[in-house]
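Dear colleague,

Please find below the structure that I am handing over to you. My notes on it follow directly after.

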Amino acid sequence: MKWIRLRELAWFKIKTIVNYANYAQTQEITMTTIVDIAVNNEGFSTLVTAVSAASLVEALQSPGPFTVFAPNDAAFAKLPPGTITTLVQNIPQLARILTYHVVAGKYKKEDLIGVKSLISLEGSQIDLDISEEGFEANNATVIAADIEADNGVIHVIDTVMLMRPHWFYPIMESGKVGV
Amino acid sequence: MTATLVPPTTQLPPSNHPYADVIHRLEAGGSMLPDTPENLMQIIGLYKAYAVPMDFYWRDLLYIAEQVFLEPLPAFKYFLPQEYLDLRNHYAGDDADWRFWRGEATAHPELLEFMSKGELNTKIPKLFHHLYHDRINMEFAEECMRAMFWHRNMGGELEPYMDSEEYRQNADRAIRAYFKNNPIMLGLYKLFPELFLEQCRQSTMTSVLGLFWEIMAPVFFEMSDVYDEGGFKGVPDAMNFLVSGIFAIAGRPIYHRVNIRGEWFEIVPKSKGFTWLYEAAFPYVEAVFYRTSPFRGTKSYNAQANEVPKDQNDFHYGILYADKFPVGSAGIPPTLLHQDMYHFLPQYLVDYYKQFCRGEDDTLIQLGVSFQRSMYNVTSAVIQAGRAAFLYPLDDPNPKHLLANRHYFEGQLNRFCNPKYEMDKAARIGMVQDQNYR
């Protein structure tokens, strides 16, 4: 009797583990990542190509979570001729610019109210300005916020952001204060 | 203070800045330099005259960084081997990564001719040209490198990387390989590792400047060709050409590698992701155009009497503040550079200088002032590129954005208005507004 109970218990446990594994596998298959959203929506073909060229697809498919400020095709089109060509020829440099658009953690717009800046995966800060007038990151305007993925959130921006060097801030401050 | 009054073109009220006209000009997409045909002619002529020696500078800087490296007695570092004269510029020629100049990728023909005959116009052995100082003055290039190296901390990730453990290990491998057969130098390295490491950092900065100028030379050549064809209608066109160039090439890798007995050692690998814009261009402009260091010449600086700033951020001895009196130095004012440019002036500038001041007798000063004008234009291009990269378009409909642009422009020009250490009096921005400043 005891043996039967033990066998049942063991069988139950095995079933549970198998079920859990199946469940997890199903979840993995149906998990919609940041990359999936970019691939399956119009207007991100340049970003998808760049992320793929920089071998960042796998990283952005990992559990994260990440907050991605995703420039749309129009944002890339605003860059002067040659900029993208040079970056695509030089993958580490391209990856640096792209990782500047990614922040560790999942931050929806409501989480960022009152937050002045975030530190990107590249290491430099992204300045935020959220007001009734809109949601801006550096000089980019967020044109679609809070697109949720299973491994993070996407904010679509209209301009490719470039890292602001440390000397930029005292220059701006001096301009505000005056001579 | 300025030659012409420039009305504001934005929705904002007029600026109250001491250089309000210049602010309004920048807001209209212009340069700090007034848009006159004379200014356009001077700056383009000087770009061409600068590009030829620059074609030597970048090649020799890379040669020094990659081959001479830590040679304790580098007596022949200015004797550029054929391999580096034939080195293909990545931004000229048919196989360019991005073709700025339609000319050839190898050393410029005017440079080769000068190297063979010199100012003496005689073919004698290279050593005699060198000893007679009848050559390209690499001392200027090295002075620029030292300015960048000494100031450091001007943005970019290279600065902290040069202090990292990874850099130390890369440098250590290269230093040990370089002195493999030299027990005395290896012994000295064991005794004074920091000294060798610092020399290695200097070599890295030499490579950075070489890679920076590798791009500027073909850009300036192309600008000269476009001007000769009548392609630029004014100073803003010339500035915008530079702005486009800055963006096109912003992502070019900055690296340092050393060739030791045929094997390449990576000291700053390309894989670090360092870029031309952040790790070379911005630091260069800050170190060379604004800061550099006090120079010997027409004025003595007494550091104990606080005539030299304690804070390196306040250094203001760059070309934008320079008294163009020729003092014969490699530092600012770079008489040695002026001497180099003198050999490659386009004829229209030679004829122009003959009409003013003491004609041919003070061409060196007149071209120095033209060079100052041309560098105010390059600085304007960098300021406009920074505005485009970090802020907003000039025709942005949002007044908040336009105000941010104005703060940025005014903040930049405030650097020329600071009474500390009489920076405001030293700055030449007011003088270049006047065509009679020669």
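Two residues are taken to be in contact if their C-beta atoms, placed from the backbone, lie within 7 Å. On that basis, 30 residues from chain A and 32 residues from chain B take part in the contact. On the side of chain A that touches chain B, the elements giving two or more residues are helix H6 (83-89), helix H7 (91-99) and helix H9 (168-177) of chain A; helices (H or I, at least four residues) and strands (E, at least two) are DSSP runs, numbered from the N terminus. H9(A) gives the most to this side, with 6 residues. The residues of this side of chain A comprise 15 nonpolar, 12 polar and 3 charged. Here Ala, Val, Leu, Ile, Met, Phe, Trp, Tyr, Cys and Pro count as nonpolar, Asp, Glu, Lys and Arg as charged, and the others, Gly among them, as polar.

This is a predicted model, in which local features need pLDDT of at least 70 and side-chain atom pairs count only at pLDDT 80 or more, while totals for chains, interfaces and linings use all residues. Residues are numbered from 1 along each chain as its sequence is written, and chains are lettered from A and ligands numbered from 1 in the order in which they are written.

As to confidence, pLDDT (the predictor's confidence in each residue, from 0 to 100) has a mean of 86 in chain A, where 83% of residues reach 70 or more. Over residues 9-28 of chain A, pLDDT stays under 50, and the model has 0 contacts beyond four places in sequence for them.

Chain A contains an open sheet of 7 strands with mixed pairing, in the order S2-S1-S7-S6-S5-S4-S3; two strands pair if DSSP finds at least two bridges between them. Strand S2 (102-104) and strand S3 (117-119) of chain A are the edge strands, each pairing on one side only.

Strand S7 (residues 152-157) of chain A is largely enclosed by the rest of the structure, because 6 of its 6 residues are buried (20 or more other C-beta atoms within 10 Å of a residue's own, C-beta atoms being placed from the backbone). Strand S1 (residues 66-71) of chain A runs parallel to S7(A), joined by 6 bridges, with Phe69(A) opposite His155(A). Strand S6 (residues 140-149) of chain A pairs with S7(A) in the antiparallel sense over 5 bridges, and the two form a hairpin with 2 residues between them.

With kind regards

Methods:
Buried ≥ 20, exposed ≤ 12 C-beta atoms within 10 Å, placed from the backbone.
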